[in-house]
Amino acid sequence: MGGFDYLQKGGTGFTLQVKKPQIRRVVQTRPAAPSSHSANKAPRTVPSGLQKEAPETASRSVSGERGFSPSKRRLTPLRNRKRPTPEQRLSSDDDDEGSDTDTSLELRKRARTGESTEPDYGRRLRSLKAFSGDETKSLPIVHASEITSVQKPGKFKPAFENTNQTSEIFLQYPSATPKERYEAVVPRDDDEFKPLDDIVQVIETVTQAYIPEDELDEFNNESTGIKRRLRRALARGSEREFRESVKDYNVAIERLRRSGSIAKKMDATYRLSLPHVERILTQIYSRTVSPRVDSLRQYENGTDNVYGELLPRFISTIFKETGLKSNHVFVDLGSGVGNVVLQAALEIGCESWGCEMMQNACDLAELQQAEFKARCRLWGIAPGKTHLVRGDFLKEQSIIDVLKRADVVLINNQAFTPQLNNELINHFLDMKEGCQIVSLKSFVPVGHKIQSRNLNSPINLLTVKQRQYWSNSVSWTDVGGSYFIATKDSSRLKAFSESLA
């Protein structure tokens, strides 16, 4: 199972129905007076029936990055999930002192679930071509039915009882492109792709992001709305009701597109929500990388060429922290299967570059890039331009050139050798003023000061700030850690040099 496949986990469509509220009788007792060594206030005990379970938000994506070290004891138990990477952890300066009794809330704190990036009023979100009405031919997408019937035959069964056939269901997206093909099946293995869940999640995303306020009742009404009918059909196991609900959704979407309502809504939107971004990236990943994820297990431990991923919510936080905008240039050095490159182009709309030398990862990155372009058209979105380069990012001329005009550079150097880190530092000399370099290990040692004896060191050009990432931010561990944002700023070096004159 791949980086975004956590969204497909769970049961069949029954996992999507609304839970009925539970009313329980709770007997309250007066807590005992705190002892002299206890805290001033005892923690409240919440009845188990009223506890709200934290959602599984760790979509496994992004940046085919590097590095795994031998496993350590974890502060939190692993969830039952497959990883697209070896079951080993990256070493982290922040959890070297961790123990089985460490219950630090700071390390376990989850990422925020709200909007990640600020509105970008200079970005045109809608793809004009996708709404032109000229999309008469099918897009070169990997249809959901291809996963269930071609890529993994025998791993799925009919979703509804009294049905021996797996006839197709067609789903309309907000653009003028033809519909996507699905099969009414469920996986035999819970970790496999779930087409019915994907349909429901697409409809949920479209409702939230594309439907004007005055048209929402048709979709959201708790009695007659399309979403409610879909959930009811799945709860009852009724194929007829499910197909009718999808058909009514398709008719409604086509009507709103032809009337211009969807285009008007998109033209008044200046950012994509993170759930919207994750839904598209999940679809791309599940159709390209997940069926071939075993190829990523071929890695070389103890070298720079080891595969690991930074997850979408962490990456979105980085975009916000660095102020990345649609007119900027983003570069991911060690881009793996291209997840971060695609996320930057989709979520921000900027020019986005990546470079990777592991051939298996590069092959999957090219598959993702092709699916990304077609699926953005399907969703009616105009992404930024993407460039995925094969080779050594220290030697590839196109990467050397683009680094000179980059605004944000991401380097997951968690397990890079000291030699590679030092070689990277020399490239900072050619970067423009104000360029921000995001890394998991700082290029500037703690306590470093500009002195006469180190006047020529490239790290004197960097001003560094440290930030925390929380649990479910990276694929190799469930606990948090630190990351660093280094900004190229020559002013301090200039002031020191002038003081010596």
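1. **One face of helix 13.** In helix 13 (residues 418–427), five residues are buried: L420, N421, L424, I425 and H427. Buried means under 20% relative accessible area, exposed means over 50%, and partly exposed lies in between (1.4 Å probe, protein chains only). The five cover an arc of only 150° around the axis, so they sit on the same side of helix 13. That arc is taken from the directions from the helix axis to the C-beta atoms. P418 and Q419 lie on the other side of helix 13 and are exposed. The buried residues of helix 13 pack against strand 5 (329–333), helix 12 (397–403) and strand 8 (408–411). Contact here means heavy atoms within 4.5 Å.

2. **What the model is.** This is a predicted model, in which local features need pLDDT of at least 70 and side-chain atom pairs count only at pLDDT 80 or more, while totals for chains, interfaces and linings use all residues. Residues are numbered from 1 along each chain as its sequence is written, and side-chain values use heavy atoms, with hydrogens and water left out.

3. **The whole chain.** The protein chain has 14 helices and 11 strands. Helices (H or I, at least four residues) and strands (E, at least two) are DSSP runs, numbered from the N terminus. Of the 501 residues in the protein chain, 51% count as buried. Now take contacts between residues at least 6 apart in sequence: 78% of them join residues at least 24 apart.

4. **Helix 3 against helix 8.** Two packed helices are described by the angle between their axes and the distance between the axes. Helix 3 (residues 195–210) and helix 8 (residues 274–288) pack at about 150°, and their axes are 10 Å apart. The axes are lines fitted to C-alpha atoms, for helices over the stretch in contact, and the angles run from 0 to 180 degrees between N-to-C directions. Helix 3 is therefore roughly antiparallel to helix 8. The cut-offs are these: under 35 degrees is roughly parallel, over 145 roughly antiparallel, 65 to 115 roughly perpendicular, and the rest oblique. The crossing of helix 3 and helix 8 is left-handed. A crossing is left-handed if the near helix is turned anticlockwise from the far one by less than a right angle, and right-handed if clockwise.

5. **Who meets whom there.** Helix 3 brings D198, Q201, V202, T205, A209 and Y210; helix 8 brings H276, R279, Q283 and R287. By class, this contact of helix 3 with helix 8 has 3 nonpolar, 4 polar and 3 charged residues. Ala, Val, Leu, Ile, Met, Phe, Trp, Tyr, Cys and Pro count as nonpolar, Asp, Glu, Lys and Arg as charged, and the others, Gly among them, as polar.

6. **R375.** Look next at R375 in helix 11 (residues 359–378). Its relative accessibility is 0%, so R375 counts as buried. Leaving aside neighbours within four places in sequence, R375 is in contact with I141, V142, Y173, E180, Q283, I284 and R287. Q283 and R287 also belong to the contact of helix 8 with helix 3.

7. **Helix 10 against helix 11.** Helix 10 (residues 339–348) packs with helix 11 at an angle of about 20°, with the axes 11 Å apart. That makes helix 10 roughly parallel to helix 11. Their crossing is right-handed. N339, L342, A345 and L346 of helix 10 touch Q368, Q369, F372 and C376 of helix 11. This contact of helix 10 with helix 11 divides into 5 nonpolar, 3 polar and no charged residues.

8. **Helix 9.** In helix 9 (residues 312–322), 8 of the 11 residues are buried, so helix 9 is largely enclosed by the rest of the structure. They are P312, R313, F314, I315, S316, I318, F319 and T322. Just after helix 9, G323 takes a positive phi of about 70°.

9. **Helix 9 against helix 10.** Their axes come within 11 Å and cross at roughly 55°. Helix 9 is therefore oblique to helix 10. The crossing is right-handed. P312, I315, S316 and F319 of helix 9 meet V340, Q343, A344, E347 and I348 of helix 10.

10. **S238.** S238 sits in the loop between helix 5 (226–236) and helix 6 (239–258). S238 is buried, with a relative accessible area of 15%. S238 and F160 are 78 residues apart in sequence, yet 6.9 Å apart in space, C-alpha to C-alpha.
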